[in-house]
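Subject: Structure handover and notes

Hello,

Here is the structure for you to look over. My notes come after it.

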Amino acid sequence: TVGAVGCTDVADSLLLTFTPAPNANAGIDQIKCANNAVTDLTGTSYNASSSLWTGGAGAFTDDTEPTTTYTPNGADTAAGSVTLTITSTGSGACAAETDSDPMVITFTNAPLVNAGSDISVCADTPLVAVSATVSVSSGGFWTTSGTGTFDDPFVLSTDYDPSDADT
């Protein structure tokens, strides 16, 4: 309000608008097996005009979408982990503002299996002893492309009983 001697007070107002600052959230860190390492990213970006995922040597399905997929490459899995960062750029009065949030994907070793050497036996052999080894795993199980059966398919060293169709 402004007044002067002999004048009526006058007033003016202004509207003050606050633009929320951008906010980025990359989501939780993840642990993936090296042989199944494609990772769904569930980031969020609020109050932003754009978002961008960066980091790693692999590929994003769409690096401008907060929710996307990351496919690591051999360098990522060999390193044991990769850090990916989502950055949100503000809008309006906050156009020059950014907010970033990182997340880490840790890669575990893939399981290894060895079913042993190929075996040749006489067609009338009633049982064939088979033995496998596994590592980076708590166990394994046998399957066949034939119609015979295993004494215990969940034991790594077991016998295979070939069917007539197998021979």
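Predicted model: local features only at pLDDT ≥ 70, side-chain atom pairs only at ≥ 80, totals over all residues.

Residues are numbered from 1 along each chain as its sequence is written, and side-chain values use heavy atoms, with hydrogens and water left out.

Surface patches

D151, D152, D161, D164 and D166 gather in a patch of negative charge on the surface. Patches take residues with over 30% relative accessible area and no salt bridge, joining like charges within 9 Å and nonpolar side chains (Val, Leu, Ile, Met, Phe, Trp, Tyr) within 5 Å. A salt bridge is a side-chain nitrogen of Lys or Arg within 4 Å of a carboxyl oxygen of Asp or Glu. Asp and Glu count as negative and Lys and Arg as positive, while His and the chain ends are not counted. Each charge is placed at NZ of Lys, CZ of Arg, CG of Asp or CD of Glu. Strands are DSSP runs (E, at least two residues), numbered from the N terminus. D166 is partly exposed, with a relative accessible area of 30%; buried means under 20%, exposed over 50%, and partly exposed in between (1.4 Å probe, protein chains only).

A nonpolar surface patch is formed by L14, L16 and F18, which together have about 430 Å² of accessible area. Areas come from the Shrake-Rupley method with a 1.4 Å probe, and for residues only the protein chains shown count as cover. L16 sits in the segment before β1 (23–25) and counts as exposed because its relative accessibility is 59%.

Polar contacts

S163 is also found in the segment after β14. At 18% relative accessibility S163 counts as buried, and its side chain makes a polar contact with the side chain of T147 (2.3 Å). A polar contact is a pair of N or O atoms within 3.5 Å; within protein, one must be able to donate a hydrogen and the other to accept it, and residues adjacent in sequence count only if both atoms are side-chain atoms.

T39 lies in strand β3 (residues 39–42) and is buried, with a relative accessible area of 0%. A polar atom of the T39 side chain is 2.8 Å from the backbone oxygen of A37.

Backbone angles

Most residues other than glycine have a negative phi. N47, which is not a glycine, has a positive phi of about 55°. N47 is in the loop between β4 (44–46) and β5 (50–54) and is partly exposed at 37% relative accessibility. V136 has a positive phi near 55° and lies in the loop between β12 (133–135) and β13 (149–150).

Two further pairs

C94, in the loop between β8 (81–89) and β9 (98–108), is buried at 11% relative accessibility. C94 and S49 are 45 residues apart in sequence and 9.7 Å apart in space, C-alpha to C-alpha. N35, in the loop between β2 (30–33) and β3, is exposed at 54%. From C-alpha to C-alpha, N35 and N109 are 7.8 Å apart, at 74 residues apart in sequence.

Regards

Definitions and conventions:
Helix = DSSP H or I, 4+ residues; strand = E, 2+ residues; numbered from the N terminus.
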